[in-house]
Amino acid sequence: MPRLIIRPNKPLRGHIRVPGDKSISHRALLLGALAHGTSRISGFLPSGDCLASLTCLQALGVEITHVPVSAPRKEGEHPALVVHGRGLYGLRAPSAPLNCVRSGTTMRLLTGILAGQPFQSILTGDPQLLRRPMRRVVEPLRRMGAEIRDTDGHAPLTIRGQQLRGCDHSLPVPSAQVKSALLLAGLYADGPTVVRQPGPARDHTERMLTAMGASIAVNDLTVILSPSSLPLSPLSITIPGDFSSAAFLLVAATLVPGSEVTVENVGVNPTRTGLLDVLQAMGADIALSHAGEQGNEPVAEVTVRSSELRGVQVSGDTVVRMIDEFPVLAVAATQSHGTTTVRDAAELRVKESDRIATVVAELRALGARIEPLPDGFLIEGPTPLYGTGVDSHNDHRLAMALAVAGLIAEGETVIENAECIEDSFPGFASLMRSLGATCD
Ligand code: S3P
């Protein structure tokens, strides 16, 4: 699917599930590999990014297999993965550089793990990943005693594992990837590792480490991991649907008149659901039901009906809780009455693309009134959009946000380089079609 073509649409309707959560899938693989015993992961997301973690772990000597299935599977259902954990000290030196492809989570979390191993490894990836900042994870790890050679603050990273020491870190940016890298390194440290966050970054690592019996305490924005002589217990987990994938459907159903879509079994961890609060403040008709828990994470069914929206201001901690949802929020803002302002979101500049620059450029091409700010953007609405050729910039979330824009634009929207959607949401186009969207 190098290009995706979207046409304006009749109402979207249906009751669906989205694929498993990307952040949790990475963590289940990585922590399962370090557990003592066999972990079973259902609902794993087989996306490009998560498969990068899987391949790197295999190169580190971790055996990962599928549960044999006898019964026929439903469409979109994947067999459970089995991770044969090697314990904290069982990884093997890789024989070649580890390729993280385009996955920042793979690279940053693995850096934390590899910093404490008794061997050398090299982490590399696609040019897009080699442009992303790594100093934020390398520098605090060096303070723990890690020996890491970077390339002017970027990957490739050459990591010579060392005995690490516990450290007290105050993070300058609220990043779950950095926090998680430090906690993973902390498993190998000789004393407590303290991570103080400036905002509520996603807490999946803390939840999973707790479930595995690690000695971890969370006090508001401070996390303390103490080394333990006990091994990590293996996981048996069913991964909830990814809220960040559901986000595209929630906005699409809000914007296409007459729509009603229910997404079942989606993760609603409060460190991830800032978009729900923002859409509700904009006047969206969204209801949660069937609240429960799955894999130590809150889940719910989310139902959305189309509605008129008004502009909103987004800043502060809410930004952290919806850091991946700004491309699609921007699409919603083009259809909202009044001005939408996003501030405190400079982190968007160092995602898979510079999401302030690329969202502004591509939405302007469709007719949006949007201005970049150093740390966000300003959007005036409502504005009619007109289909044309647009580009994903190899950024999966931008590609899907543009697909949502295409549903309400006049004429045909052609998204070039749309194959990156596979990085987080395999099956996106067919799921959209199952709701009635015209896309191919
Ligand atoms: C992620 C954390 C976020 C997010 C990314 C996934 C994670 O990045 O943008 O898509 O799984 O920890 P940062 O930690 O850099 O904010």
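**Exercise 1: strand partners**

How many bridges join β1 to strand β25, and do the two run parallel or antiparallel?

*Solution.* Keep in mind that you're looking at a predicted model.
- Step 1: Find β1 at residues 3–7 and β25 at residues 438–439.
- Step 2: Count the links: two bridges join β1 to β25, and the strands run antiparallel.
- Step 3: Pick out a pair. Arg7 stands opposite Thr438 in β25.
- Step 4: Now check β24, residues 413–416, which is joined to β1 by four bridges and is also antiparallel to β1. Here, Arg3 has Glu416 as its bridge partner.

**Exercise 2: two helices side by side**

Describe how α1 and α2 are arranged, and say which residues meet.

*Solution.* Two packed helices are described by the angle between their axes and the distance between the axes.
- Step 1: Locate α1 at residues 22–34 and α2 at residues 48–59.
- Step 2: Read off the geometry: the axes come within 9 Å and cross at roughly 10 degrees.
- Step 3: Angles under 35 degrees count as roughly parallel, so α1 is roughly parallel to α2.
- Step 4: List the contacts. From α1 come Lys22, Ser25, His26, Leu29, Leu30 and Ala33, and they meet Asp49, Cys50, Ser53, Leu54 and Leu57 of α2.
- Step 5: Sort these by class, and you get six nonpolar, three polar and two charged residues.

**Exercise 3: inside the cores**

Which residues touch the most other members of the largest nonpolar core?

*Solution.* In soluble globular proteins, nonpolar side chains tend to be buried together.
- Step 1: The largest core has 79 residues, and the ones touching the most other members are Leu4, Leu363 and Phe377.
- Step 2: Ask who supplies the core. Helix α8, residues 243–255, gives the largest share, with 10 residues.
- Step 3: Look for another core. There's a second, separate one of 67 residues, including Phe119, Cys167, Val178 and Leu183.
- Step 4: Zoom in on Phe377. Leaving out residues up to four places away in sequence, its contacts include Phe326, Ala330, Val342, Leu348, Ile356, Val359 and Ile370. Arg355 and Glu371 are among the residues it touches, too.

**Exercise 4: buried or exposed?**

Are Asp152 and His393 exposed or partly exposed?

*Solution.* 
- Step 1: The relative accessible area of Asp152 is 63%. Exposed means over 50%, so Asp152 is exposed.
- Step 2: His393 has 32% relative accessibility and therefore counts as partly exposed.
- Step 3: For a contrast, go to helix α9, residues 274–281, where the buried residues are Gly274, Leu275, Leu276, Val278 and Leu279.

Terms used:
Residues are numbered from 1 along each chain as its sequence is written. This is a predicted model: local features need pLDDT of at least 70, side-chain atom pairs count only at pLDDT 80 or more; totals for chains, interfaces and linings use all residues. Side-chain values use heavy atoms; hydrogens and water are left out. Buried means under 20% relative accessible area, exposed over 50%, partly exposed in between (1.4 Å probe, protein chains only). Two strands pair if DSSP finds at least two bridges between them. A nonpolar core is a set of buried Ala, Val, Leu, Ile, Met, Phe, Trp, Tyr and Cys residues joined through side-chain atoms within 4.5 Å. Contact means heavy atoms within 4.5 Å. Axes are lines fitted to C-alpha atoms, for helices over the stretch in contact, and angles run from 0 to 180 degrees between N-to-C directions. Angles under 35 degrees count as roughly parallel, over 145 as roughly antiparallel, 65 to 115 as roughly perpendicular and the rest as oblique. Ala, Val, Leu, Ile, Met, Phe, Trp, Tyr, Cys and Pro count as nonpolar, Asp, Glu, Lys and Arg as charged, and the others, Gly among them, as polar.
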